[in-house]
Each structure stands twice: as structure tokens, then as C-alpha cells.
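User: Could you walk me through this structure? I'm new to this, so please keep it simple.

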Amino acid sequence: MFRTTLRAASPIASRAISRPLVAKSAFIGASKFVAPIRFYTAAPVDKKEITSRVIDVIKAFDKTAASSEVTGQTYFHKDLGLDSLDTVELLVAIEEEFDIEIPDKVADDLKSVGETVDYIASNPEAN
Amino acid sequence: MAKRLSGLQKEVIHLYRGCIRVAHTKPRPNQPHFVSYIREEFGKYKGLPKKDFTAIEHLLRVGHKRKDLYSQPELKDIH
């Protein structure tokens, strides 16, 4: 009878022992592949450069009506003759240029070149 | 865009933004095809009265479904 209880207990005991072992080996395996890397951010881009890059994107955009004069005060809808959907396209093109993703809530409120530049300047991930 | 947009209008814009983002994940030479297709599909219903909620909601659902379908990476070109 003693033997049967021992036998019944043994799988539990062995499992209890083996589990931490497995976990430990998995941990060692993971640490072997994931070497600690330090990431550095690039120096923040200055506003003048952002403005000129944004203007370049706008000029490359195929739907802009008055592409002659684009400044910080230019409004997408009023001055460039873009409708709401064109504005969305333009903003996605600008996102691509700076390698960021503007959240929907912010993007809904961006109506001018200046606002867009301000947002990009405040975004630490922009480059 | 001087006037405030309604919730439904915003939803349409968000869908449009999502679609354009999907288009930008496709191979570069084919991206204009996707963009012009998206413009075409949204343009079909430009004349829809903005009070026609049921129709717009239906089209939004269809649009979301189609966006999910087209965002598969195996799909590389469209015409």
C-alpha cells in the first residue's frame, strides 16, 4: 500500500521537479539569442527642415490645386482645394515621409501645414 | 472642412485612412493602382445624402470587410 501511494505521488513529484528545469532552460535559451541592445534616438529634426519636407510632400501630391505657394499658414482645404479625403491621403503621405503614424484623433484636427509641422516636431519618433 | 464633421463622417474618414495605409504596404510600383481604386470606390457614393444613415452604415461594413480582405500580404496588385 505504501508503494502505491509512492507511485501515485511520483508523477506529481517528478513533474514538479521537471517544470522549473524546463523553464530555466527556456530562459537560458532565450537569453542566448536576445543580446541586450541599447537603442538611441536620432537628434530631433528642427522645424525649418520639417516644414520644407512637408512642403515637398505636398508639392509631390498629385491633387494639389495651387501648388505655387505653400507656406506654414497654408490650409489644406481653403488654399489647396483638397476635400476631406484628399487631406487624409496627404497626411498619410506625410506620415510615410517621417516614418510615423498620426493617430486618428490628432489627424482629424490637422487642417494646415503649420499644425502638421507642430505635431511632427512634438513627436519624438519622427525622423 | 470648416464645419464640424459628424461621427459617421469621421468613421468614413477613418476607414479611408486605413485603406490608404493598406495601399502603402503594397509593392511600390502597384501602390497607385490601389490608391486610384480606393478613390474610385469611395467616389461612387460621393453623392449619397449624409442623412442616409442606413446606407452609409452598410457601406462602412462592406468597406471594412473589403479592407481586411485586401490587406492580406499575398495580394500584391489590383486593376
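Here are some questions and answers about the two chains.

User: Before we start, what kind of model is this?

Analyst: Residues count from 1 along each chain as its sequence is written, and chains are lettered from A, with ligands numbered from 1, in the order in which they are written. Local features need pLDDT of at least 70 and side-chain atom pairs count only at pLDDT 80 or more, while totals for chains, interfaces and linings use all residues, since this is a predicted model.

User: Okay, how many helices and strands does chain A have?

Analyst: Helices (H or I, at least four residues) and strands (E, at least two) are DSSP runs, numbered from the N terminus. Reading along the sequence of chain A gives α-α-α-α-α. The count for chain A is 5 helices and 0 strands.

User: Which element of chain A has the highest mean pLDDT?

Analyst: pLDDT is the predictor's confidence in each residue, from 0 to 100, and chain A averages 74. Over residues 12-26 of chain A the value stays under 50, and the model has 0 contacts there beyond four places in sequence; a contact means C-beta atoms, placed from the backbone, within 7 Å. Among the elements of chain A, helix H1 (residues 2-33) has the lowest mean, 50, and the highest, 89, belongs to H3(A).

User: Now chain B: what pattern do its elements follow?

Analyst: Chain B comes to 3 helices and 0 strands. Its C-alpha trace spans about 35 × 25 × 20 Å along the principal axes. From the N terminus on, the elements of chain B run α-α-α.

User: Which annotation covers residues 10-66 of chain B?

Analyst: That stretch of chain B is 74% helix and 0% strand, and its end C-alpha atoms are 19 Å apart. UniProt positions are given in the numbering used here, feature names are shortened, and annotations may be inferred rather than shown by experiment. According to the unreviewed UniProt entry, the annotation is "domain: Complex 1 LYR protein".

User: Is Tyr37(B) buried, exposed or partly exposed, and why?

Analyst: Tyr37(B) sits in helix H2 (residues 31-43) of chain B. A residue is buried if 20 or more other C-beta atoms, placed from the backbone, lie within 10 Å of its own, exposed if 12 or fewer, and partly exposed in between. Tyr37(B) has 15 other C-beta atoms within 10 Å, so Tyr37(B) is partly exposed.

User: Which helix of chain B gives the most to the side that touches chain A?

Analyst: Across the two chains, 10 residues of chain B are in contact with 12 residues of chain A. With 8 residues, the biggest giver on the chain B side is helix H1 (residues 7-24) of chain B.

User: Which residues of chain B does Val88(A) touch?

Analyst: Val88(A) is one of the residues with the most contacts inside the largest core. Leaving out residues up to four places away in sequence, Val88(A) touches Ile13(B), Tyr16(B), Arg17(B) and Ile20(B).

Conventions: A nonpolar core is a set of buried Ala, Val, Leu, Ile, Met, Phe, Trp, Tyr and Cys residues joined through C-beta atoms within 7 Å.
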